[in-house]
Amino acid sequence: MTKIDQQLFTTHEHALEKEFELCPKCGCELSVKHSKHGGFIGCNNYPSCDYTRPLVQHESIETQIIEGSICPDCGNELAVKSGRFGIFIGCTNYPECSHIEKHDQADSQDEIPCPKCKKGHIEHRTSRFGKSFYACSAYPKCKFLVNYPPRAEACPECGFGILVERKGAAGMRLECPEKTCKYKRPV
């Protein structure tokens with residue numbers, strides 16, 4: 001252990017952290033810098049030159065109009081757009097019309113009515129953290145939600161309007177989402 005070259009551990013520069021490029025503002029070398037938001041490329045002449053750019057360049061897609069499509073709200077054409085949650089289809093008349101097509105729109109016969117309010121239906125949603133859940137379409141008036149895929153079948157024990165599909169160690173099973181009911185059965 002005494003034959004370890006300590007110079008290897010004191011080197012401050014990593015081979016991949018050199019960017020063999022010159023700053024477009026001042027002509028100094030660029031290198032990979034690190035911040036709490038991740039890596040970026042910045043000028044080595046920092047206090048006097050503030051040039052930075054992202055480490056990875058993300059390609060942004062141009063808005064592509066879908067020929068022959070009509071917005072159901074205002075009658076303008078629909079287009080494929082890119083937003084902060086990814087690619088979506090929306091109205092070309094955006095500030096005035098905010099219609100967005102849902103990519104997983106189900107037919108009305110597949111809709112499961114909300115067991116709490118009986119006015120809305122259960123639809124698939126995604127939280128801001130990317131988690132999947134199923135909630136009532138009448139939100140914010142009805143705040144009913146479940147974390148597992150619902151099935152349009154009433155609970156035989158308590159009579160609640162839906163059952164949910166859960167995966168466990170024994171395989172798939174249907175169970176009642178009501179906390180007071182303990183009904184479970186294998187699928």
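Predicted model: local features only at pLDDT ≥ 70, side-chain atom pairs only at ≥ 80, totals over all residues.
User: What does the secondary structure of the protein chain come to?
Analyst: The chain comes to 1 helix and 16 strands. Of its 187 residues, 23% count as buried.

User: Why is Asp50 called exposed?
Analyst: Exposed means over 50% relative accessible area. Asp50 has 54% relative accessibility, so Asp50 counts as exposed. You will find Asp50 in the loop between strand S3 (38-43) and strand S4 (52-54).

User: What makes the link between Asp50 and Lys25 a polar contact?
Analyst: The cut-off for a pair of N or O atoms is within 3.5 Å. The side chains of Asp50 and Lys25 come to 2.8 Å, and this pair counts as a polar contact. Asp50 can also be placed relative to Cys23: the two are 27 residues apart in sequence and 9.9 Å apart in space, C-alpha to C-alpha.

User: Why is Glu123 called buried?
Analyst: Buried means under 20% relative accessible area. Glu123 has 16% relative accessibility, so Glu123 counts as buried. Glu123 is part of strand S10.

User: Which residue has a side chain joined to that of Glu123 by a polar contact?
Analyst: That residue is Arg125, and the polar contact is 2.6 Å.

User: Why are S9 and S12 said to stand at the edges?
Analyst: The open sheet has 4 strands in the order S9-S10-S11-S12, with antiparallel pairing. Strand S9 (112-113) and S12 each have a single partner strand, so one side of each has no neighbour in the sheet.

User: What makes S13 and S16 edge strands?
Analyst: Here 4 strands form an open sheet in the order S13-S14-S15-S16, and the pairing is antiparallel. Strand S13 (150-151) and strand S16 (184-186) each have a single partner strand, so one side of each is left without a neighbour in the sheet.

User: How do you know that S13 and S14 pair?
Analyst: The requirement is at least two bridges. S13 and S14 have 2 bridges, in the antiparallel sense, so they pair. For Pro150, the bridge partner in S14 is Val164.

User: What makes S7 a partner of S6 and of S8?
Analyst: At least two bridges are needed for each pairing. Strand S6 (residues 78-83) and strand S7 (residues 86-91) have 6 bridges, in the antiparallel sense. S7 and strand S8 (residues 100-101) have 2 bridges, also antiparallel. Both counts meet the requirement, so S7 pairs with S6 and with S8. Across these pairings, Leu78 stands opposite Cys91 in S7, and Ile89 stands opposite Glu101 in S8.

User: Why is Cys74 called partly exposed?
Analyst: Partly exposed lies between the two cut-offs, under 20% for buried and over 50% for exposed. Cys74 has 36% relative accessibility, so Cys74 counts as partly exposed. Cys74 lies in the loop between strand S5 (64-65) and S6.

User: Which residues is Cys74 in contact with, leaving aside its neighbours within four places in sequence?
Analyst: They are Cys91, Asn93 and Cys97. Cys74 and Asn93 are 19 residues apart in sequence and 8.2 Å apart in space, C-alpha to C-alpha.

User: Why is Lys118 called exposed?
Analyst: The cut-off for exposed is over 50%. Lys118 has 63% relative accessibility, so Lys118 counts as exposed. In the loop between S9 and S10, Lys118 has phi near 65°, a positive value in a residue other than glycine.

User: How do the residues lining the second largest pocket divide?
Analyst: They divide into 7 nonpolar, 1 polar and 6 charged. The pocket's volume is about 260 Å³. Of the 14 lining residues, the closest to its centre are Tyr148, Arg166, Glu175, Cys176 and Pro177.

Terms used
Residues numbered from 1 in each chain as written. Heavy atoms only, no water. 1 Å grid on protein atoms, 1.4 Å probe; cavity = no way out; pocket = protein on both sides within 12 Å on 5 of 7 lines; lining within 4 Å. Points joined across faces, edges and corners; volume = space filled by probe spheres on them. Nonpolar A, V, L, I, M, F, W, Y, C, P; charged D, E, K, R; others polar. Buried < 20%, exposed > 50% of the residue type's maximum accessible area, 1.4 Å probe, protein only. Polar contact = N/O pair within 3.5 Å; in protein donor to acceptor, adjacent residues only side chain to side chain. Contact = heavy atoms within 4.5 Å.
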